[in-house]
Amino acid sequence: MAEDRLVEIPRNDWEEWRDLYKRDWPRHEIAFNLVQNYIDWSKRDRKIKDLALYSLNGTWRENGTFVIIDRIDLYMHTLDESLDTLRRALELVDWDYYYVAVMCEYETLLYSTFKKLNVRLSVAFPNIMYFLPKEEGLKVNVTIPEGLHVGPLQPHHAKIINDLWPHRETGTEFALERLIRWNPSIGLFNEHGNLLGWCLLTQPGVIGSLGVIERRKGYGRIVLHAFIKQLAEMGRNLYASVLVENEPSRALFASAGFKPIKDTTFILNCERKFVEWRCGAHST
């Protein structure tokens, strides 16, 4: 039998690959959104740096299994209920390097891979995935107080957002700026154009980076409701991923009508080439 290898999925096949995730809709909608995101991004830049969309041995048509590496972000999904294809793919990732497994639904599988390959866990952040159908999103009431207005974020706002982000690190400002440039976003501004609150849409079509300049002003609720309405009007179902420990954000999304649908985890590994440098910042 031929040796397993990771093979990039040809750009001309991405639409066919994406459509595999229409199965049992909307069970795999986030995977569908993720592939669609890179289809859209590739129209803006045909050669996105440090991006690779892999299948195992080029067999993506069999069960859609993929591992996507976008700079340090690592995404994975499979339609293979046994998880065998994904297990074999994960064992081929070069874990000498540091990755963030984003909203990982395969925590047990990834940890077993780490154990087998002698990869150290840096830190894990348990999250709850929330869902709101677009039909309900259209009903959300949006009230903008006098003197304030909402509008799309601009690239220079990435630095403001990054400076206030508790999980920032090298490269996160660039990642935020890219989202602002290429994906829907929304900001809340005062009459002078100063940024008060914000929301972005991440690669899997999930609301992320909800934040405000000043707490207890109601800015988060205003900007979230406005973004919900904007995305629903675009025909999108609404997803959000919130840290389990972030009770105020969980309450905010619940008050907007979101329902929890699954547990996911952001999982960071220690890169094996520079263990002390990378793990010193995160390991518990």
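In which sense do strand E6 and E11 pair, and over how many bridges? Strand E6 (residues 121-132) and E11 pair in the antiparallel sense over 6 bridges; two strands count as paired if DSSP finds at least two bridges between them. Helices (H or I, at least four residues) and strands (E, at least two) are DSSP runs, numbered from the N terminus.

The model is predicted: local features need pLDDT of at least 70, side-chain atom pairs count only at pLDDT 80 or more, and totals for chains, interfaces and linings use all residues. Residues are numbered from 1 along each chain as its sequence is written, and side-chain values use heavy atoms, with hydrogens and water left out.

Buried means under 20% relative accessible area, exposed over 50%, and partly exposed in between (1.4 Å probe, protein chains only). Leu238, Ala240 and Val242 cover one side of E11, while Tyr239, Ser241 and Leu243 lie on the other.

Asparagine 246 is found in the loop between strand E11 (238-243) and helix H10 (247-255). Asparagine 246 is partly exposed, at 27% relative accessibility. Its side chain makes a polar contact of 3.1 Å with the side chain of serine 249. A polar contact is a pair of N or O atoms within 3.5 Å; within protein, one must be able to donate a hydrogen and the other to accept it, and residues adjacent in sequence count only if both atoms are side-chain atoms.

A search of the whole structure finds 11 aromatic pairs. Rings of Phe, Tyr and Trp (its six-membered ring) pair if their centres lie within 6.5 Å; planes under 30 degrees apart count as stacked, over 60 as edge-to-face and the rest as tilted. Tryptophan 41 and tryptophan 182 form an edge-to-face pair, at 5.1 Å centre to centre and 70° between the planes. Because tryptophan 41 lies in helix H2 (residues 29-44) and tryptophan 182 in helix H8 (residues 172-182), the pair ties together parts that are 141 residues apart in sequence. Tryptophan 41 is buried at 0% relative accessibility, whereas tryptophan 182 is partly exposed at 22%. The ring centres of tryptophan 95 and tyrosine 99 are 5.7 Å apart with planes at 85°, so this pair is also edge-to-face. Both tryptophan 95 and tyrosine 99 are buried.
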